[in-house]
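Grab a pencil and have a look at the structure below. Then try the exercises before you read the solutions.

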Amino acid sequence: MGEKVYLSATDQTGNFWIDNGLAYLLEQFGEGEHSSDEIMQHLLSKLVQPTGNKGLYYDQRSGQLREYEKCNWLEPANLFIKVAGDSGKKEEIGNKKYPTQPPQFNLEISLSKKEEQCDICGQLGLITSAKMWIYPFVVDPAKFANFYSGGKRGLKLCARCALAGVAGYLSWWWCRQGDNALHFFLFHADLPELLRLHRDVMSPLSLRRGRGGNVPHTFLGKYLHETVLGVLLALFSHIPSSEVLSDEARQYLASLFAGTTPATSPVVLYAVTGVPAQAFDMKQLKEFSRLQQLFRLYEQWTKIVVDRYGAANPHQQIVRILEQFWVQRQRERETIWRDRIAQAVLELSDPLPTIEEFLFDIRAKEESPRPLRQGTEEILLDNYSKEVSQMDEDFIKALSSFGRRLGEAAQAGNERGLLYSLRNAKNVEEFYRVLNDIQFRLSLTVPESLLKLEKGERIAGAPWKRVKHMLAIYSMNAYLRKERYGEKPEETEED
Ligand SMILES: [Zn+2]
């Protein structure tokens with residue numbers, strides 16, 4: 001194409017893919033004018049890599065078969081770019097056809113003759129019609145619509161944005177999820193900040209490229225939200241201390257996440273999932289922008305498990321708590337509960353209905369039932385309800401203490417059915433009926449604060465149903481804990 005392109009650290013486009021690619025190009029080439037051919041050759045040399053296999057080609061000059069190293073597009077580019085290398089014409093030797101050269105891989109970005117406006121940066125210049133197979137999920141940042149959708153004329157890119165798009169493949173995090181692939185873009189609207197994030201944080205933390213992906217994580221699953229949470233926890237874990245990041249990089253990361261205002265973080269995480277096939281089938285594109293609030297919760301949680309349980313590795317303990325919501329089904333782990341709880345946490349909505357369902361329908365029905373992991377109640381019920389759902393702290397204490405007594409009494413009296421009646425209460429009248437039954441059959445006194453029904457079917461300011469979920473979880477968890485560990489005040493942690 002023989003064009004010159006100008007790379008500038010102040011020319012961000014606002015598109016998470018293209019800007020990530022620009023950050024990569026700036027890191028490699030620096031600001032200034034560069035030959036687009038030179039950039040493309042560099043990108044090809046990184047994107048096309050030996051597969052470890054050997055092939056044979058017919059060398060026309062010597063008239064002999066020669067061995068060559070087979071190459072292919074590096075993952076994740078090979079999920080999208082299906083262009084085979086050009087291996088020349090075929091030559092038949094002894095009933096077998098051989099290429100006449102090792103395959104040459106190339107990407108053509110052919111530019112128009114007249115100037116048009118670039119769809120991404122808006123500048124006037126020679127443009128190329130971008131192919132969907134190279135840019136499968138370039139989306140309109142303002143509308144979150146795919147540029148290709150709605151029978152539009154397709155995507156027109158200037159040379160710089162087109163090259164940045166290809167460079168994007170070398171800059172984003174991704175992982176496989178069964179048949180799907182999940183792609184992550186950390187994004188900062190200021191290009192110099194994004195460049196710094198790449199250089200100081202993302203590059204050092206990237207796993208070595210392999211078939212499973214390069215994204216750092218604490219746990220991965222087949223669903224989007226659980227995986228996003230697993231990735232964020234890995235990222236957060238490097239802020240207090242890190243064997244990989246420099247002190248400067250840690251402080252930088254902290255400044256991005258540990259802000260004092262409850263505003264959204266300057267960093268946004270985009271996650272895109274889809275099925276890699278001839279044409280990539282995008283399933284979901286989600287934006288996660290409340291990273292500051294999530295990090296603040298994470299900090300509080302690590303403090304809680306240290307103060308309450310003296311956890312030697314609080315990060316690991318948090319991971320175990322959030323990781324536990326799955327069940328073995330034949331040869332596969334079903335993690336749908338973990339995904340739903342992760343979604344609630346990431347969106348700062350309510351994880352309680354799913355925790356309740358998991359505890360009553362999965363854990364309690366196991367052959368040898370286990371309570372939830374040590375610290376689950378303190379984090380996902382006590383702390384979360386206070387910080388995120390804004391519930392009254394004293395009421396939470398009263399509720400958890402009553403829930404424990406109730407669960408232990410039900411276990412001692414062999415009254416597990418009462419806990420299911422509590423869980424199944426469909427309306428507030430039924431809820432109070434069950435509580436009445438509990439008073440009578442287990443000779444327990446229900447705390448007064450629980451009996452005060454307020455306007456809008458609220459109890460201590462919270463919707464009655466939320467209170468019911470909490471009480472059901474506290475009590476069933478205490479029941480299972482007592483059944484498994486007897487009178488010991490706390491279970492011993494198992495792996
Ligand atoms: Zn452009």
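Two exercises follow, each with a worked solution. This is a predicted model, where local features need pLDDT of at least 70, side-chain atom pairs count only at pLDDT 80 or more, and totals for chains, interfaces and linings use all residues. Residues are numbered from 1 along each chain as its sequence is written.

**Exercise 1.** Work out the order of the 3 strands in the open sheet, and which strands stand at the edges.

*Solution.* Two strands pair if DSSP finds at least two bridges between them.

- Step 1: the order is 7-8-11, with antiparallel pairing.
- Step 2: strand 7 (115-117) and strand 11 (155-158) each have a single partner strand, so they are the edges, and one side of each has no neighbour in the sheet.
- Step 3: zoom in on strand 8 (residues 124-130), which is joined to strand 11 by 4 bridges. Here Thr-128 sits opposite Leu-157 of strand 11.

**Exercise 2.** Find out how many of the 11 residues of helix 9 are buried, and what they pack against.

*Solution.* A residue is buried if 20 or more other C-beta atoms, placed from the backbone, lie within 10 Å of its own.

- Step 1: in helix 9 (residues 336-346), 9 of the 11 residues pass that test, so the helix is mostly covered.
- Step 2: among them are Trp-337, Ile-341 and Leu-346.
- Step 3: the buried residues pack against helix 5 (224-237), strand 15 (281-288), helix 7 (291-309), helix 8 (314-323) and helix 10 (352-362). Contact means C-beta atoms, placed from the backbone, within 7 Å.

Key:
Helices (H or I, at least four residues) and strands (E, at least two) are DSSP runs, numbered from the N terminus. A residue is buried if 20 or more other C-beta atoms lie within 10 Å of its own, exposed if 12 or fewer, and partly exposed in between; C-beta atoms are placed from the backbone. Two residues are in contact if their C-beta atoms, placed from the backbone, lie within 7 Å.
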